[in-house]
Amino acid sequence: MNYPNELRYTKTHEWVRRDGNVIKVGITEYAQHEITDVVYVELPHVGNSIESGKPVCIVESVKAAFDIYAPMSGVIKAINTALESDPGLINRDPYGSAWLFELSPSNVEEWDSLMTSAQYEQVIKQGV
Amino acid sequence: MSDTIVHDEVTNLKKLPLHKEHERLGARIGAFGSWLVPIQYTSIIEEHQAVRHSVGIFDISHMGEFFVSGANARRLVNQWITNDIEKLWPGRILYSPVCRENGGTVDDVLVYEMAVDRYLIVVNASNVEKDFAWFGSHRSLDVVLQDKSPETGMLSVQGPLSKDLVEKVFSRNLAGLAYYHFQAFQTDLGEIILSETGYTGEKGYEIFCPIHQVVTLWQRFFEHGAPMGLKPIGFGARDTLRLEAKMCLYGHELTDDITPLEAGLSWAIGWGKEDFIGFEALKRQREAGLKHKLVGFEIVGRGIAREGCVLKVNEDAVGRVTSGTYSPTLKKNIGLGLIAVPYSQVGQNIDVEVRGNLHPAKIIQTPFYKRQK
């Protein structure tokens, strides 16, 4: 599986992209494969404050609902409404067009405590 | 030869005889009652579509099989079930709820008339022990009651191509078989019971065989079925398929606290026969009128209803969801629920509360999916 080097990762299988002070979040290829067919996404609201490690939004398969956790604290700046009409984007393009939300971090240093690609791959290999 | 069911060392759940085969096929294994079963092999949606458009095979060896025999068997079974055994003759199958005296549902079963003095009752896996004790303690007439579940394997082959495939596997013409009929015959694998039944809303067959032959039989289906695109189907798609066809799942639409009348199964109650467990309670309920009943709904916007979600009208709770899912055939989010009768008409607008948010929904005609014949 593919875990791009420029991203950071969480134990709960979110990926995090940093572009200056803008943070974009999605779920990893491993997570989309585990969930399989994504048929519904419940996005957060723009302007919501979120806290690192707390649930932010929900991704559902045919059978079950999965919480998505905030990788960093901050305020939601944008949400990917394309997922509302086409949730299957998460299965097809997890690191690209299927980002979930953008946030403005309250403490950008939290980025440094996230896992690198190599560290995340190690977590997957050890069995979750 | 008697094979015993193996228990998983970690979970102590029972393993199907095909467990290793499911693992080899890459299945995601999960718990279903006291069993470890394949939830999905590739994707619930792909597996669902295979059954709707070509053919799929399910390992359902977890199901329970009881045999009741003796001169009194017919009379006694007819006291146990709500449906009327007078509809049966050798080679025919009857669907029926089994009720408590208060009308609550012990289980829903299939009754096969093997001979005028011998019946096979197929029960839900989760209810094997409960049902065996229930029937055992309601033996007002002398019969032999045997639990053959540990010795019996069961496969289900469902989909538009299922007839061709089953004919090939058994080198047998099935023109003489019809829906809810069965044939029992000897093969090199021992005695096979082949019935035209299923839990998907498609044409299909359920096949009983000696449990130590179920792996061989499964492999034979793939030898003949691979060119037709035969796919193994997990319990995830089994649930979405039965839900589209509005077939009840015990523990959801039927429970010890839900009567067959409330679940819309009045057609499976032998109102004319009177002498069965639960008759008085069901009759009283029919005369008094139902307070709530089972309906099908679709979510009008977005959101998936799940079991336990509250159904509301003008913010008042009027019911609850018994099963809900994304429907791969309709590409809509659908569900079944018990709702107060004044709100149970087709066309009624309701809200489904999911995680504190209200999602508009509408009561619609069921079944959600009906196969074109």
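Me: Which residue does UniProt list for "modified residue: N6-lipoyllysine"?
Reply: The unreviewed UniProt entry lists Lys63(A). Such positions are given in the numbering used here, feature names are shortened, and annotations may be inferred rather than shown by experiment. This is a predicted model: local features need pLDDT of at least 70, side-chain atom pairs count only at pLDDT 80 or more, and totals for chains, interfaces and linings use all residues. Residues are numbered from 1 along each chain as its sequence is written, while chains are lettered from A and ligands numbered from 1 in the order in which they are written.

Me: Where is Lys63(A) found?
Reply: Lys63(A) sits in the loop between strand E6 (55–61) and strand E7 (65–69) of chain A. Strands are DSSP runs of E with at least two residues; helices are runs of H or I with at least four; both are numbered from the N terminus.

Me: Why does Lys63(A) count as buried?
Reply: Buried takes 20 or more other C-beta atoms within 10 Å of a residue's own; exposed takes 12 or fewer, and partly exposed lies in between, with C-beta atoms placed from the backbone. Lys63(A) has 22 C-beta neighbours inside 10 Å, so it is buried.

Me: Which residues does Lys63(A) touch?
Reply: Lys63(A) touches Ile44(B) and Gly236(B), leaving aside residues up to four places away in sequence. Contact means that the C-beta atoms, placed from the backbone, lie within 7 Å.

Me: How many residues does each chain give to the contact?
Reply: Chain B gives eleven residues and chain A gives eight. On the side of chain B that touches chain A, helix H2 (44–53), helix H7 (235–244) and strand E17 (316–327) of chain B give two or more residues each. By class, that side of chain B has four nonpolar, six polar and one charged residues. Nonpolar covers Ala, Val, Leu, Ile, Met, Phe, Trp, Tyr, Cys and Pro; charged covers Asp, Glu, Lys and Arg; polar covers the others, Gly among them.

Me: What makes H7(B) mostly covered?
Reply: Nine of the ten residues in H7(B) are buried. Among them are Phe235(B), Gly236(B) and Arg238(B). The buried residues of H7(B) pack against several elements of chain B, including H2, E17 and strand E18 (332–340). After H7(B) comes Lys246(B), with a positive phi near 50°.

Me: Why is chain B called as compact as a globular protein of its length?
Reply: Chain B has eight helices and 20 strands. Its radius of gyration is 21 Å, close to the 21 Å that the globule rule gives for 373 residues, so chain B is as compact as a globular protein of that length. The radius is taken over C-alpha atoms; the rule is 2.2 Å times the number of residues to the power 0.38. Along its principal axes, the C-alpha trace of chain B spans about 65 × 50 × 45 Å. Buried residues make up 46% of chain B.

Me: How is chain B divided?
Reply: Chain B has domain 1 (14–58 + 150–244), domain 2 (64–134) and domain 3 (266–364). These bounds come from an automatic or database domain assignment.

Me: How many residues of domain 2 and domain 3 of chain B are in contact?
Reply: In chain B, 15 residues of domain 2 contact twelve residues of domain 3. On the domain 2 side, helix H3 (73–80) and strand E6 (93–99) of chain B each supply at least two residues. E6(B) has the largest share, four residues. By class, that side has five nonpolar, seven polar and three charged residues. The C-alpha centres of domain 2 and domain 3 of chain B lie 27 Å apart.

Me: Why do E1(A) and E2(A) count as a pair?
Reply: Pairing needs at least two DSSP bridges between two strands. Two bridges join E1 (residues 8–9) and E2 (residues 14–19) of chain A, so these antiparallel strands pair. Tyr9(A) has Trp15(A) as its bridge partner. In the hairpin of E1(A) and E2(A), His13(A) takes a positive phi near 75°.

Me: How many bridges join E2(A) to E3(A)?
Reply: Six bridges join E2(A) to strand E3 (residues 22–27) of chain A, again antiparallel. Arg17(A) partners Lys24(A). Their hairpin has two residues between the strands, and Gly20(A) in the turn has a positive phi of about 65°.

Me: Which strands of chain B are joined to E20(B) by six bridges?
Reply: Strand E19 (residues 349–354) of chain B is joined to E20(B) by six bridges, antiparallel. Val352(B) stands opposite His359(B). In that hairpin, Arg355(B) takes a positive phi near 50°. Four bridges also join E20 (residues 357–364) to E15 (residues 292–299) of chain B, antiparallel.

Definitions and conventions: Two residues are in contact if their C-beta atoms, placed from the backbone, lie within 7 Å.
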